[in-house]
Amino acid sequence: MGMTKRGENNKVCATELNIFDIQRFSWVDGPGIRTVLFFKGCNLDCIWCHNPESRSFDRDLLFYADRCIGCGKCVDICPNGCHAFSEGRHVVRRERCAGCGKCASVCNAEALEIVGKAAGVDDIMEEVLEDMEFYGMSGGGLTLSGGEPLLQPEGCFEILERCKKRGIHTAVDTAGYVEWSSFERVLPVTDYILYDVKTLDDEVHKKVCGVSNRAIIRNLLNLKDRDVNLIVRIPLVPGVNDTREDVLEIVGLVGGFDNLVKVELLPFHKLGRSKYEALGLAYRAEKIPVPDREKVCALRQHAAGKR
Ligand code: SF4
Ligand code: SF4
């Protein structure tokens with residue numbers, strides 16, 4: 001979805017990316033201290049997703065009912081009549097929302113938030129460059145994450161190339177459900193691929209992520225021995241992939257890759273639950289337990305190749 005638009009004097013402006021956040025000083029999305037750029041839009045439907053605001057390609061309106069003080073400013077300003085009070089309750093008619101952000105801008109209680117924006121590569125680079133010193137001392141850099149960044153391959157390429165020209169280390173965090181051509185586009189300017197693998201069982205994958213895993217596995221196998229460092233990340237979800245066999249199966253698939261750096265386990269958590277409520281979405285992971293700590297430690301040993 002990398003969009004190129006024409007500005008004044010019909011000159012081609014820099015690509016704009018559809019993103020929802022930029023986080024600085026991350027330690028968990030690749031080596032060293034990193035800036036993480038979160039792309040908006042994802043083509044998987046994982047039931048445990050802890051970033052539900054990343055999934056739609058459109059802007060999202062989040063409403064935190066517990067913060068609302070009932071001032072009515074949003075009711076007055078919304079051009080589409082999305083906000084109303086009925087029997088003392090604040091009702092949000094999301095189906096009418098155009099994502100203009102006017103209501104969030106007048107809400108002093110911070111009960112409303114708009115997520116998602118188009119950001120130019122120049123503006124993003126300005127923010128990325130602010131932490132050059134930290135990248136240098138820690139071996140860090142920029143990580144593209146999401147959502148699914150590789151659904152915007154041209155935008156990814158442009159920003160990664162700009163980073164490489166400035167000597168900044170680059171990483172792409174992907175779920176892999178994209179055309180192989182998208183990988184080919186970014187690989188020459190990418191140092192690390194962080195590749196999420198949920199399960200090798202296609203039926204289970206369809207059930208918990210909404211799509212087949214065939215293209216994901218095919219792309220993963222295509223990355224074997226390429227000139228890019230590979231970190232395979234398994235979101236560890238009880239009842240889906242939390243047995244020794246589940247983990248060893250994935251380790252067995254990638255264990256022989258010369259470019260594999262490690263297999264990481266990311267235990268399921270429920271920190272995203274409040275965002276579902278704010279988005280007016282059902283939280284489907286309520287019944288999934290948080291993985292037991294000892295079990296996670298044992299599975300991490302298996303992931304590290306210690307059977
Ligand atoms: S502007 Fe904010 S605090 Fe006021 S009614 Fe709307 S959501 Fe509630
Ligand atoms: S974002 Fe715009 S259209 Fe949507 S509820 Fe707020 S004011 Fe209305």
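**Terms and their grounds**

Tutor: In this predicted model, the shell around ligand 2 consists of Leu61, Cys78, Asn80, Cys82, Cys97, Ala98, Gly99, Cys100, Gly101, Lys102, Cys103 and Ile114.

Student: What makes a residue such as Lys102 one of the residues around ligand 2?
Tutor: The criterion is a C-beta atom, placed from the backbone, within 6 Å of the molecule. Lys102 is listed around ligand 2, so its C-beta atom meets that cut-off.

Student: How do the residues of the shell around ligand 2 divide by class?
Tutor: Into eight nonpolar, three polar and one charged. Cys counts as nonpolar and Gly as polar.

Student: Which residues come nearest to ligand 1?
Tutor: Of the 14 residues around ligand 1, they are Cys68, Cys71, Cys74, Cys107 and Ala109. The shell around ligand 1 divides into nine nonpolar, four polar and one charged.

Student: Why is α3 called oblique to α5?
Tutor: The axes of α3 (residues 121-129) and α5 (residues 153-165) come within 11 Å and cross at roughly 40°. Angles under 35 degrees count as roughly parallel and 65 to 115 as roughly perpendicular; the crossing at roughly 40° therefore makes α3 oblique to α5. The crossing is right-handed.

Student: Which residues of α3 and α5 meet?
Tutor: Val121, Ile124, Met125 and Val128 in α3 meet Glu158, Ile159, Arg162 and Cys163 in α5. By class, this contact has six nonpolar, no polar and two charged residues.

How values were computed. Residues numbered from 1 in each chain as written. Chains lettered and ligands numbered in written order. Predicted model: local features only at pLDDT ≥ 70, side-chain atom pairs only at ≥ 80, totals over all residues. Axes fitted to C-alpha atoms, helices over the stretch in contact; angles between N-to-C directions. Helix = DSSP H or I, 4+ residues; strand = E, 2+ residues; numbered from the N terminus. Parallel < 35°, antiparallel > 145°, perpendicular 65-115°, else oblique. Left-handed = near helix turned anticlockwise from the far one by under 90°. Contact = placed C-beta atoms within 7 Å.
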